Amino acid sequence: MSRPEGEGCSIGVDVGTTSVKAVAVDARGRVLARARVAHRVGTPTVDRLEHDAALAWRRGPRRAFAAVSSELDGPAAGVAVAAMVPSITAVDRRGRPLLPGLLYGDVRGRNTASGEDDRDGVQHDSGEDHDEWSRMLGWAVGALPNAAGYWPCQAVATYALSGIPAADTAAATSFGRLYVSGGWDQSALNELGVEERQVSVVSPLGQSTGTVPGTSTAVAGGSVDAFCEQIVAGADRPGDVLAIFGATLVVWVVSGEWIEVPGLMTFPSMEPGQVMIGGPSNAGGLFIDWARSVVGAPSRRGHGSRGDLARDDHRNGDSERIPVWLPYVRGERTPLHEPRLRASVHGLDITQGPESLVRAAHEASGFVIRRIVGRSGCEARRIVATGGGSRSLAWMQAVADATGLPVDTVAVPEGAALGAAFLARMAAGLETAFSASGSWAGVGRRIDPDPVWAAAAASRFERFEALSPGG
């Protein structure tokens with residue numbers, strides 16, 4: 001069988017918290033090749049989260065890109081990178097990271113000049129932090145003054161592929177006060193002792209910044225993983241709930257009207273007249289994998305390598321005998337914004353084993369979704385599940401039961417990489433409008449709530465809320 005022509009294909013690379021994923025796709029969004037390069041996430045203390053940026057942000061994207069490129073007959077038309085926000089490291093003149101790669105929520109990016117600290121010295125946040133990246137930058141400058149550059153993950157990975165440290169305008173929203181009115185604020189940079197030449201290039205969304213050296217492959221500026229997930233998920237009608245099951249759980253409720261709710265974020269949707277309400281939570285894959293390791297259950301990693309739902313530890317036992325697990329191993333983001341919170345298990349007894357605790361952990365993710373949906377005031381009709389966790393049948397069934405909503409898993413779980421591949425097509429001039437990305441969305445499987453388990457979970461949700469702050 002002949003290999004597909006590269007000139008009609010595009011490649012998306014997603015630098016995630018625990019791995020780099022890459023897909024090569026054709027004009028209809030069909031996956032022709034995929035690759036995954038694992039890396040470690042460092043948690044040296046409870047309030048720190050970092051990567052070995054040289055491995056995760058530079059070498060990983062190169063390896064993943066090379067792997068899928070080798071499956072094509074000739075160079076791809078375009079490539080784009082997606083990654084989490086915010087993030088930062090310092091680099092040398094060759095774009096090689098010199099510091100750990102700081103990730104979202106790291107204490108070194110928190111505001112310690114104001115706010116209330118608890119007895120452990122961890123700040124109490126009252127809302128989503130829109131200036132975290134500038135404080136991360138201040139940390140990097142203090143740790144390594146006069147570095148050649150201070151770049152987010154998107155710029156490091158894009159430079160590794162093209163020699164251009166580019167982030168797009170979607171990623172630039174994470175730069176806070178340092179990037180306003182379509183450009184860097186030089187005076188704000190000067191306050192931190194940084195010049196514009198030391199920060200990343202910012203390019204328009206879906207436009208080319210150059211090419212992969214020695215090829216005609218167009219390169220787009222690095223974008224935001226959650227945004228890339230959104231454009232190809234198919235959660236495009238009011239009442240849809242987009243749930244991204246990555247290392248972080250990200251929840252967006254689609255609404256036909258602008259709604260602002262304390263603790264939640266509201267952004268315009270790609271669909272005219274619609275908005276997305278919600279935000280990120282720590283009840284994602286980092287919590288689930290930790291919980292599974294604590295109780296001795298096999299890791300969910302490795303399941304569903306072709307995107308199928310893995311029947312790892314599907315629901316079993318007594319629906320009434322499941323404990324309630326508060327998932328705050330690293331505090332909580334949306335909607336509580338409390339980094340000082342810690343996890344706890346309630347209602348555990350001697351008759352319950354590892355399967356009950358894993359089920360409780362899975363339900364905790366569903367309870368967070370239910371909480372965000374409830375606070376949004378929107379009437380939800382279904383959950384559209386994407387991300388690596390959407391391949392776990394046990395997790396998705398627990399979410400369906402915990403929310404009382406059907407869960408439609410996407411056909412391609414590497415949603416951020418798929419969305420990045422669409423941006424790559426735009427950079428290559430093969431697409432001109434975001435509306436075309438809707439045709440790339442597809443449902444892999446629908447999972448309906450089980451009435452018996454949903455009724456039991458509803459009672460546990462009431463306890464989950466009562467035990468949480470403000471309950």
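Glutamate 363 is buried, with a relative accessible area of 1%. Buried here means under 20% relative accessible area, exposed means over 50%, and partly exposed is in between (1.4 Å probe, protein chains only). This is a predicted model, in which local features need pLDDT of at least 70 and side-chain atom pairs count only at pLDDT 80 or more, while totals for chains, interfaces and linings use all residues. Residues are numbered from 1 along each chain as its sequence is written, and side-chain values use heavy atoms, with hydrogens and water left out.

Glutamate 363 forms a salt bridge with arginine 359, and the closest N and O atoms are 2.9 Å apart. A salt bridge, by the rule used here, is a side-chain nitrogen of Lys or Arg within 4 Å of a carboxyl oxygen of Asp or Glu. Arginine 359 also counts as buried, at 6% relative accessibility. The two sit four residues apart in helix α8, so about one helical turn separates glutamate 363 from arginine 359. As a rule, an α-helix has 3.6 residues a turn, so residues three or four places apart point the same way.

## Where α8 meets α11

Now for the helix partner of α8. Helices are DSSP runs (H or I, at least four residues), strands are DSSP runs too (E, at least two), and both are numbered from the N terminus. The axes of α8 (residues 354-376) and α11 (residues 451-467) come within 10 Å and cross at roughly 70°. Axes are lines fitted to C-alpha atoms, for helices over the stretch in contact, and angles run from 0 to 180 degrees between N-to-C directions.

On the α8 side, the contact (heavy atoms within 4.5 Å) is made by Arg359, Glu363, Ala364, Phe367, Val368, Arg370 and Arg371. From α11 come Trp453, Ala457, Ala458, Arg460, Phe461, Phe464 and Glu465. Sorted by type, the contact has eight nonpolar residues, six charged ones and no polar ones. For that sorting, Ala, Val, Leu, Ile, Met, Phe, Trp, Tyr, Cys and Pro are nonpolar, Asp, Glu, Lys and Arg are charged, and the others, Gly among them, are polar.

In total, the structure holds 20 salt bridges. One of them pairs glutamate 465 with arginine 371, with the closest N and O atoms 2.8 Å apart. Glutamate 465 lies in helix α11 and arginine 371 in helix α8, so the pair ties together parts that are 94 residues apart in sequence. Arginine 371 is buried, at 2% relative accessibility, whereas glutamate 465 is partly exposed, at 24%.

Elsewhere, glutamate 191 forms a salt bridge with arginine 177, the closest N and O atoms being 3.6 Å apart. Glutamate 191 belongs to helix α5 (residues 186-191) and arginine 177 to the loop between α4 (169-172) and β12 (179-180), so this pair links parts 14 residues apart in sequence. Glutamate 191 is exposed at 61% relative accessibility, and arginine 177 is partly exposed at 35%.

## A seven-stranded sheet

Seven strands form an open sheet with mixed pairing, in the order β20-β21-β19-β18-β24-β25-β26. Strands pair if DSSP finds at least two bridges between them. At the edges stand β20 (265-268) and β26 (443-447), each with a single partner strand, so one side of each has no neighbour in the sheet. The twist averages 25° from one strand to the next.

Strand β25 (residues 407-410) and β26 run antiparallel and are joined by four bridges; threonine 409 has arginine 445 in β26 as its bridge partner. Helix α8 turns up again here, lying across β18 (240-245), β19 (249-255), β21 (275-281) and β24 (382-386) and running at about 30° to β19.

Another open sheet has four strands in the order β4-β7-β6-β10, with antiparallel pairing. Its edges are β4 (50-51) and β10 (149-151), each with a single partner strand, so one side of each is left without a neighbour in the sheet. Three bridges join β6 (residues 87-91) to β10, and threonine 89 has tryptophan 151 in β10 as its bridge partner. Helix α2 (residues 132-143) packs on this sheet, touching β6, β7 (101-103) and β10, and its direction makes about 25° with that of β6.

In helix α3 (residues 153-162), 10 of the 10 residues are buried, so α3 is largely enclosed by the rest of the structure. Just after α3, glycine 163 takes a positive phi of about 85°.
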